Amino acid sequence: MICVPIVGPTMDRALEDIDACRRVADFIEFRLDLIASHDLPRLIEAAGNTPYIVTNRAKMDGGQFPGTEEERVAVIKQAIELGAMYIDIETSTPPELLRSVLENKGKSKAILSHHDFTRTDDKIDALYELMTQMPADVLKLITYAQDLSDNLRLLQLLSRARRDGVNLIAFCMGEKGEISRILSPMYGGWLTFGSLDRGRESAPGQIPAATLKHIYRVNELTIDSKIFGVIGDPVNKSMGYLIHNRAFQELNLPHVYVPFWVKSLTRFFNTYQAYFTGLSVTMPFKEDIMKHLNRIDPLAKKIGAVNTVVREGNDWVGYNTDVTGALSALNAVTELKGKRVLIIGAGGTAKAIGYGVTEQGAALTLTYNRNKEKAEALAQELNAKLISIRDVDAHETDIVINCSPAGMTPNTNDTPYPARLLKPGMVVFDSVYNPMETRLIKEAREKGCTVIPGIELFVNQAIGQLKLWTGTTPPREPLHEVVESRLRELEAKGV
């Protein structure tokens, strides 16, 4: 279930938010410490049939209540007198006040909470055991994730609580704690919390409730759901969660795809490999991941980079769908054999696509700007010609492929290839997909070139990953649509 906190700051705004959150909320939490001059009877009336929790949090527990502990607890007692469905009270409450609430809660049910805004303590299990001895209906243990592994402690605690028959809310706060907010319902979490919208969070790392409900589908996850995800450093700009979760929905598969912000690849793989079924791999791990795998597909081995990891029996197997995704986009508009291909850039994407086009008989030329040595090594490996980016005027080409970041948001006025060299009949392929139409693609279209925007590569490589993970090819149109929608949203915000 998803609980949406109502955070004010005024009664009018709180009442508006109660009405707005009905489409995504299974529960409402009234954060009375954040609602100025709150009118609790009116809030309860406005909740109607939606289950609700009344909370009044002190500053030491991440709240804003300005008064004494006696005054704060008096508000909780008022909620009990009004017959509130659930009240939430912290373990940090002075013992005599805490006891007076838990032992005199009337018809209300009590959530006993503990928040740690700095870390995930090694003694979290001991704290859970102490809390189970108190007369509460639901326990809530929320910590801060300093490391990705902290999430696992909370998920394991949820599994224990399920075995114990204890109603427990448990997840990590902070950006590194997002995965436990998503996965906690899967492991038996009684509730997870989601904000009404971005900027309306009541705690760090809170994800919009609409995203939890409609993209991650947290209310549909079970212990039998499979976990997939992207590993990288960072991963906050990845759109993989949009495309892959939409694909699982289209394929009627009860799986979920989450972002893993990884600092230590070895530590992550050793800690989490029992929990995930497949991975997307992004920078800076496409090469390092290979030493953790049992087998590597011959094409990925030849390229020297893996962007997809699949569990096959007891083995972890690495593949590269960047190259197959690029070739699929190119083959849809032109034959490669005998064509003169110019690739701008000398990184991992250039290497993958370079292998692909040369395998299909294209004559390849690479460019370099600053790092000539790196480009020379790649050109030698691919048996390609190498020229300076300043010499492209003198180089005839049929297909231009941009594998550099030139033109990527926020530097949308940049272009890797001069417009004066673009001619009708040329194929221009840009691996950059944000913005949706780069300056290169716009100018190429205006010159009568056949264009392949970066979104085509992104969708194609994702479809390749999904086929490897599930054995099924998802429909293309919904995946294209969800990425386009997100890119339009970002462009509208100027991001």
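**Salt bridges and a parallel strand arrangement**

The side chains of arginine 445 and glutamate 437 form a salt bridge with an N to O distance of 2.3 Å, a salt bridge being a side-chain nitrogen of Lys or Arg within 4 Å of a carboxyl oxygen of Asp or Glu. Arginine 445 is partly exposed, at 41% relative accessibility, and glutamate 437 is likewise partly exposed, with a relative accessible area of 39%; here buried means under 20% relative accessible area, exposed over 50%, and partly exposed in between, with a 1.4 Å probe and protein chains only. The model is predicted, so that local features need pLDDT of at least 70 and side-chain atom pairs count only at pLDDT 80 or more, while totals for chains, interfaces and linings use all residues. Residues are numbered from 1 along each chain as its sequence is written, and side-chain values use heavy atoms, with hydrogens and water left out.

By the stated rule, the count comes to 36 salt bridges. In general, side chains of opposite charge can pair when their charged atoms come close. One of these pairs joins arginine 420 to aspartate 393 (2.6 Å, N to O), and it links distant parts of the chain, with arginine 420 in the loop between strands S19 (399-402) and S20 (427-430) and aspartate 393 in the loop between strand S18 (385-388) and S19, 27 residues apart. Strands (E, at least two residues) and helices (H or I, at least four) are DSSP runs, numbered from the N terminus. Arginine 420 is exposed, at 57% relative accessible area, whereas aspartate 393 is partly exposed, at 40%. A salt bridge also joins arginine 31 and aspartate 33 (2.7 Å, N to O), and both of these residues are buried.

Strand S2 (residues 27-31) runs parallel to S3 and is joined to it by 4 bridges, where two strands pair if DSSP finds at least two bridges between them; phenylalanine 30 stands opposite valine 54 of S3. S3 is also joined by 3 bridges to strand S4 (residues 86-90), again in parallel, and isoleucine 87 in S4 is the bridge partner of valine 54.

S2, helix H2 (residues 40-47) and S3 make a right-handed β-α-β unit, right-handed meaning that, with the strands pointing away from the viewer, the path from the first strand over the helix to the second runs clockwise. A right-handed β-α-β unit is also made by S3, helix H3 (residues 69-81) and S4.
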